[in-house]
Amino acid sequence: MEAVNTATHAVPAAYLVDGSLYVFRAWHSMPDEFFDVDGHPVNAVHGYTRFLCELLERAQPEHIAVAFDASLTSSFRNAIYPAYKANRELPPPDLERQFVQCRAITEALGIHLMIDHSFEADDLIGSTVWNFRALGWRSVIVSADKDFGQLLGEHDEQWDYARGVRWGAAGVHERLGVHPHQVADYLALCGDAVDNIPGVPGVGAKTAAVLLSHFGSLDVLLERVDEVGYLRFRGAAACAMKLREHGEKARLYRRLTRIALDAPGASTVDTLLRKSDPQNRLDLLCDQLGFGAFTRSRLRSLLR
């Protein structure tokens, strides 16, 4: 685990959670033995609720938001590049239903929910990081997604909760070989199979890191592409040819890999302050979802 600057902890923190990631993880890891009162499976809801309880108990955040993807097909990136995420199967109805229930649990715990049909969870988190940085706050991004590396500033952290690992801006270079401001260019060059972004043929992660270390950015690399063939790495000449051929596509891919900072994220501190639950939604949800006594007690103890 990377050592975090001690001065960081003097800066107030907003916790920003990649909710969809943890719902999917629960869906794949929890056994199919949990059902709601109507007989529908709720294994993902049970797993996600456990995760959220653990996070709140452990971090005790005063300011927190959870961001969800609204759809795999409605992002502005799909209009730019229709093949974006086309390799992923749409969630089955049972999982779609559980996403709605997970969002309901989130709000019942007084946590600010972020979701938008044009922007993805990454963009909502990125815009919130940007907004809060201007207010003098740092962000703790709870996710394992490497894309978030591009958002980390001096005091920010990313927290891979499942592995118990946290890192700051320096940790991005340790993991990817590039600095935060280069992450979008890096992913545009080497591609991202998870999001169906092909990258430049023949340019893998190590080559992308070498190129950005030498040239600094994708734009400078493409302006000086004739120099690539003279660099000391295997296949440099062939790499130069591929960059000439696919350079404009790489610029297109960067529009996909770059997290938007103008999405409707949270812009005020009070928005992320945990709220009370005056409508007693939590008890109703516990009844609907078939939560046992231990989970009910745990959830109630976390209410404001």
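Student: What does Gln158 touch, if I skip residues up to four places away in sequence?
Tutor: In this predicted model, Gln158 touches Ile141, Ser143, Ala144, Asp145, Phe148, Gly149, Leu152, Val165, Arg166 and Trp167.

Student: Okay, and where does Gln158 lie?
Tutor: Gln158 lies in strand β5.

Student: Is Gln158 buried or exposed?
Tutor: Buried. The cut-off for that is under 20% relative accessible area, and Gln158 has 1% relative accessibility, so it counts as buried.

Student: Which backbone oxygens does the side chain of Gln158 reach?
Tutor: The side chain of Gln158 reaches the backbone oxygen of Ser143 at 2.9 Å. A polar atom of that side chain also lies 2.9 Å from the backbone oxygen of Asp145.

Student: What about Trp159, buried or exposed?
Tutor: Trp159 also has its place in β5. Its relative accessibility is 2%, so Trp159 counts as buried.

Student: Which residues is Trp159 in contact with, leaving aside neighbours within four places in sequence?
Tutor: Quite a list! Among them are Tyr15, Tyr22, Leu55, Arg58 and Ala59. Trp159 is also in contact with Val140, Ile141, Val142 and Ser143, and with Gly164, Val165 and Arg166.

Student: And how many residues separate Trp159 and Val269 in sequence?
Tutor: They are 110 residues apart in sequence, and 21 Å apart in space from C-alpha to C-alpha.

Student: Let's zoom out to β5. Which residues sit on each side of it?
Tutor: β5 covers residues 157-160, with Glu157 and Trp159 on one side and Gln158 and Asp160 on the other. Those residues are all buried, and both faces of the strand are covered.

Student: How does β4 pair with β5, parallel or antiparallel?
Tutor: Parallel, over three bridges, with β4 made of residues 138-142. Ile141 has Gln158 as its bridge partner in β5, and Val142 stands opposite Trp159.

Student: Which residues of β4 are on each side?
Tutor: Arg138, Val140 and Val142 are on one side, with Ser139 and Ile141 on the other. Five of the five residues in β4 are buried.

Student: And β5 with β6, parallel or antiparallel?
Tutor: Antiparallel this time, again over three bridges, and β6 is residues 165-167. Asp160 stands opposite Val165 in β6.

Student: How many residues are between the strands in that hairpin?
Tutor: Four, and in this hairpin of β5 and β6, Gly164 takes a positive phi near 70°.

Student: So what's the order of strands in the sheet?
Tutor: The order is β3-β2-β1-β4-β5-β6, in an open sheet of six strands with mixed pairing. The edge strands are β3 (112-116) and β6, each pairing on one side only. On average, neighbouring strands are turned by 20° against each other, direction ignored.

Student: Which helix packs on the sheet?
Tutor: Helix α1, residues 19-29, packs there and touches β1, β2, β4 and β5. The direction of α1 makes about 70° with that of β2.

Student: New topic: helices. At what angle do α2 and α4 cross?
Tutor: Roughly 30°, and their axes come within 8 Å. α2 is residues 43-59 and α4 is residues 93-108. The two helices are therefore roughly parallel to each other, and the crossing is right-handed.

Student: Which residues meet there?
Tutor: From α2 you have Asn43, Ala44, Val45, Tyr48, Thr49 and Leu52. They meet Leu95, Gln98, Gln101, Cys102, Ile105 and Thr106 in α4.

Student: And how far apart are the axes of α2 and α12?
Tutor: 10 Å, and the helices pack at an angle of about 40°, with α12 being residues 293-301. α2 and α12 are therefore oblique to each other, and α2 passes α12 in a left-handed crossing. Thr49, Arg50, Cys53, Glu54 and Glu57 in α2 meet Thr295, Arg298 and Leu299 in α12.

Methods: Residues numbered from 1 in each chain as written. Predicted model: local features only at pLDDT ≥ 70, side-chain atom pairs only at ≥ 80, totals over all residues. Heavy atoms only, no water. Buried < 20%, exposed > 50% of the residue type's maximum accessible area, 1.4 Å probe, protein only. Pairing = 2+ DSSP bridges. Polar contact = N/O pair within 3.5 Å; in protein donor to acceptor, adjacent residues only side chain to side chain. Contact = heavy atoms within 4.5 Å. Axes fitted to C-alpha atoms, helices over the stretch in contact; angles between N-to-C directions. Parallel < 35°, antiparallel > 145°, perpendicular 65-115°, else oblique. Left-handed = near helix turned anticlockwise from the far one by under 90°.
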